[in-house]
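Please read these notes with the sequence and the 3D view side by side.

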Amino acid sequence: MTPLSTSEEFRALRERVQAVGVEVIRPAAADVDRRSRFPEEAIAALRKERVLGAAIPKTLGGLGLSLEQVSALCTAIGQHCAASAMIFAMHSIQVACMARHGAESPFFRAYLTECAEKQLLIASVTSEVGVGGDMRSSIACVRREGPRAQVEKAASVVSYGEHADALLLTARRGPDAPANDQALVLLRKGEYTLTKTSSWDTLGMRGTCSPGFQIAAEFAATQILEVPFAAIASLTMVPYSHGVWSSAWLGIASDAVARARQFVRAEARKRPGVTPFGATRLAHAANLHQTMRMQIHDAVKEYEALSASAEGEAVLSSIGYAIKINNLKITSSTLVAQIVSECLTICGMAAYANESKFSMGRQLRDALGAALMIANDRINATNATLLLVHKDE
Amino acid sequence: MTTTEQIRSILQKHARLAVDASSLPEEADLYEAGMNSHASVALMLALEGAFDIEFPDRMLNRSVFQSIAAIRAAVEELSGGAS
């Protein structure tokens, strides 16, 4: 995957996305949140900028952006609407998995080309009723009959499932496959039925529209990625996810810090020579923000370097890397909530009020979801087990 | 007990395979046989204890524990030769 040919080109794209954020995404964000509705304006605008093809290689008609560049766009969008940023992030993860692991498949190459051309939106079906948050375990299985296949799955959470053009779904490779022997399958609209099984009325991330669904699909066997899901997960899905989610959350944090900074500056101008109370707390919040930003930047850069070589890929499959990339998600999700909370305190009543220019209620509610998707306690427990053998040499 | 027999016995106890470890072919993929990452850590700890070895971080990846043959090669490397 080659990044945009010049960083000038990418800078221009990022500025356009930032403009879309200010002019289209932000004005709709409150309504998206209030009504828990899909941010159609945001997605339409991103489609117009061809950004849904961000992670598709240039050779297949996409923008061929690197993880670092996709992450930068997630942060830009996240400053205006966390739900829109998360949808863009989640979609990009699916695309990245297909691009990286479907490169040898004529079906997937053709499908990615179509995705880029029509700016299709892909949703993820990794969750499952009865499995808890363990993405590496499935109950549902693919049943093959010659060139065709079927699958039925009770997904507990599918973000923007009803608004997607396709689903990337995990299931056991066959009826006799153990729980962790999984395949990733691409299902196109028309090939599946979606029956809503729960509703999405949450504290935050309301526009991600993530209820549960019963999915039943009938499709061609060529739509099953041959690479085992275990490999897709460690080489792409997990690191890419933690990178883009963290970047979207960084957008929320950046927006909060910007408002807090504005507030403190306004107070300082009222009484020049007197340092406002909030200034010291802002210094602390800005420090947390810097920590968050640097960890994400470091992790994303490292991932890009590792995915570029066979030796690097071996590292991506190691326990040491799994621990590290898990830590990225845990830290980012913890910091975003802390940062927004501090910024709310800095702005005081001005932020506590819902219709002021310093309001941060939605941002705080959105930020609180980060630690729950997937639950940090689960990830920490995994790390604890891995640390029983990892020596950190 | 040979190294291989010891490995099979440890697999049986700790790897939570969907099949009987005593009859599993040496080249068979253990992950496809049902070993998940949690079980693989338990396996690693049991191997370290049984053979009095320590897997260095560079050996803590999927391929080292992929099969009975791969595990035996790793154990032999760390024990300084076959037993």
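1. Helices and strands here are DSSP runs, a helix having at least four residues and a strand at least two. The model is a predicted one. By that definition chain B has three helices and zero strands, and from the N terminus on its elements run α-α-α. The radius of gyration of chain B is 11 Å, close to the 12 Å that the globule rule gives for 83 residues, so chain B is as compact as a globular protein of that length.

2. Other values for chain B complete this picture. Its C-alpha trace spans about 30 × 25 × 20 Å along the principal axes. Of the 83 residues, 47% count as buried. Among contacts in chain B with a separation of 6 or more, 52% come from residues 24 or more positions apart. The chain exposes about 4,000 Å², and carbon and sulfur atoms supply 49% of that area.

3. Is B:S67 buried or exposed? This serine lies in the loop between helix 2 (37-51) and helix 3 (68-79) of chain B. Buried means under 20% relative accessible area, so B:S67, at 5%, counts as buried. Leaving out residues up to four places away in sequence, B:S67 touches B:E26, B:E27, B:A28 and B:L30.

4. In chain A, look at helix 11, residues 361-369. Its buried residues are A:R362, A:Q363, A:D366, A:A367 and A:G369. They cover an arc of only 150 degrees around the axis, which puts them on the same side of helix 11 of chain A.

5. What do the buried residues of helix 11 of chain A pack against? Their partners are helix 1 (7-34), helix 4 (82-101), helix 6 (229-270) and helix 9 (319-347), which belong to chain A.

6. How many disulfides does the structure hold over all chains? The count is zero. A disulfide is a covalent bond between the sulfur atoms of two cysteines. To be counted, the pair of sulfur atoms must lie within 2.5 Å. The cysteine sulfur closest to that of A:C97 is in A:C115, 13 Å away, which is too far for a bond.

7. Two cysteines of chain A can be checked for burial. A:C97 is buried, with a relative accessible area of 0%. A:C141 is also buried, with a relative accessible area of 7%.

Conventions
Residues numbered from 1 in each chain as written. Chains lettered and ligands numbered in written order. Predicted model: local features only at pLDDT ≥ 70, side-chain atom pairs only at ≥ 80, totals over all residues. Heavy atoms only, no water. Buried < 20%, exposed > 50% of the residue type's maximum accessible area, 1.4 Å probe, protein only. Arc of directions from axis to C-beta. Contact = heavy atoms within 4.5 Å. Rg over C-alpha atoms; globule rule 2.2 N^0.38 Å. Areas by Shrake-Rupley, 256 points an atom, 1.4 Å probe, with all protein chains shown as cover.
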